[in-house]
Amino acid sequence: MPDLLRVAVPNKGALSEAASSLLTEAGYRQRTDRKDLSLIDEANGVEFFYLRPRDIAVYVGEGTLDIGITGRDLLLDSEADAAEIKGLGFGHSYFRFAAPKGSNNTIEGLAGKRIATSYSGLLGAFLAERGINAHLIHLDGAVESAIRLGVADAIADVVETGTTLRRAGLEIFGDVMLESEAVLVQRRDFVGNTTFDHFMRRIDGVQVARSYVMVDYDVPAEVLDTATALTPGLEAPTISPLSKGGWYAVRAMVPRTAVQGLMDQLWDVGARAILSTELSACRL
């Protein structure tokens, strides 16, 4: 068997399901039993390893695995010898400070304070850049209770909506330290091959398919230019004459988020039989 591309996938947590869905849409086999630690997709030349998201950058950085999916926050916190090569568009979160409400908190006011976090590497680098000397308390897992239990004066944590912090009587303060999302990482000395190139094209194809839809419509010749100006496509729209004289069929890819508004505009200029079709994959 030729060498397989070794890919790390989150085994649990917020990134796990979304990462497996992305890979499935890209045409790769994924485990059906969550107890499985690895899976070989021989047909596509890939072996998947299901690991703690926090450990993935370390395995990739050490060269044990070729590439992996993890959070940008976890990659930077690990200080591993791995590099981000692509944002994946899910798992969005923000690294923020929080403290009890009404404390007039500022980042500068953290000097000399105790800060609890699960991201010591990330927080330490942020404070060092600003010359703030604080006492970092590393905790594994949730840190929301650290202040109430008297362990810390403030916390630094990854926040999605902030609901959990508010329930704990905390408020967010200061600028966002890091905007995070799921990312694809590789070891810095990794040399790509055909299997890797195919992997990247498949991921790119799924991301584009998730961002665009195909729109088809019929339009009379006198407003063809106006309609196609609304739907220029990626290169150019496909235009075909209909058997009905003076009418054309048009096909173009359009951004998913804009499709409903574009369909309204096309109708208003005279287009008819306007259809929107989902994409499952593509190569551009």
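**Note on the predicted model**

1. The structure is a predicted model. For residues 209-280, an unreviewed UniProt entry lists "domain: Histidine biosynthesis HisG C-terminal".

2. The domain assignment divides the protein chain into domain 1, domain 2 and domain 3. Domain 1 is made of two stretches, 5-90 and 181-209. Domain 2 covers 93-179, and domain 3 covers 212-278. Taken over C-alpha atoms, the centres of domain 1 and domain 3 are separated by 37 Å.

3. Helix H6 runs over residues 194-211 and holds 18 residues.

4. Which residues of H6 are buried? They are Phe-196, Phe-199, Met-200, Arg-202, Ile-203, Gly-205, Val-206, Gln-207, Val-208 and Ala-209. The student may wish to find Arg-202 and Gln-207 in the model, as both are included in this buried set.

5. The largest pocket has a volume of about 690 Å³. Its lining consists of 25 residues. Those that lie nearest the centre of the pocket are Arg-54, Asp-73, Leu-74, Tyr-119 and Val-158. Four elements each supply at least two residues of the lining: helix H1 (14-25), helix H2 (53-61), helix H3 (72-78) and strand E9 (154-159).

6. Phi of Glu-79 has a positive value, near 55°. Glu-79 lies in the loop between H3 and strand E5 (82-87). Its relative accessibility is 62%, over the 50% limit, so Glu-79 counts as exposed.

7. Phi of Ala-273 is likewise positive, near 50°. Ala-273 belongs to strand E15, which covers residues 272-278. Is Ala-273 buried, partly exposed or exposed? Its relative accessibility is 47%, which lies between the limits of 20% and 50%, and Ala-273 therefore counts as partly exposed.

8. Thr-70 is found in strand E4, residues 67-71. Thr-70 counts as buried because its relative accessibility is 0%, under the limit of 20%. A polar atom of the Thr-70 side chain lies 2.9 Å from the backbone oxygen of Pro-53.

9. Ala-99 has its place in strand E6, residues 93-100. With a relative accessible area of 0%, which is under 20%, Ala-99 is buried. Ala-99 and Glu-144 are 45 residues apart in sequence, and their C-alpha atoms are 9.3 Å apart in space.

10. Pro-241 is located in strand E13, residues 238-241. Is Pro-241 buried or exposed? The relative accessible area of Pro-241 is 62%, and this is over 50%, so the residue is exposed. Along the chain, Pro-241 and Glu-108 are 133 residues apart; the distance between their C-alpha atoms is 67 Å.

Definitions and conventions
Residues are numbered from 1 along each chain as its sequence is written. This is a predicted model: local features need pLDDT of at least 70, side-chain atom pairs count only at pLDDT 80 or more; totals for chains, interfaces and linings use all residues. Side-chain values use heavy atoms; hydrogens and water are left out. The expected span of a helix is 1.5 Å times one less than its number of residues. Buried means under 20% relative accessible area, exposed over 50%, partly exposed in between (1.4 Å probe, protein chains only). UniProt positions are given in the numbering used here, feature names are shortened, and annotations may be inferred rather than shown by experiment. Domain bounds come from an automatic or database domain assignment. On a 1 Å grid over the protein atoms alone, a cavity is a set of points where a 1.4 Å probe fits but cannot get out, and a pocket is an open set with protein on both sides within 12 Å along at least five of seven lines; lining residues have an atom within 4 Å of a point. Grid points are joined across faces, edges and corners, and a volume is the space filled by probe spheres set on the points. A polar contact is a pair of N or O atoms within 3.5 Å; within protein, one must be able to donate a hydrogen and the other to accept it, and residues adjacent in sequence count only if both atoms are side-chain atoms.
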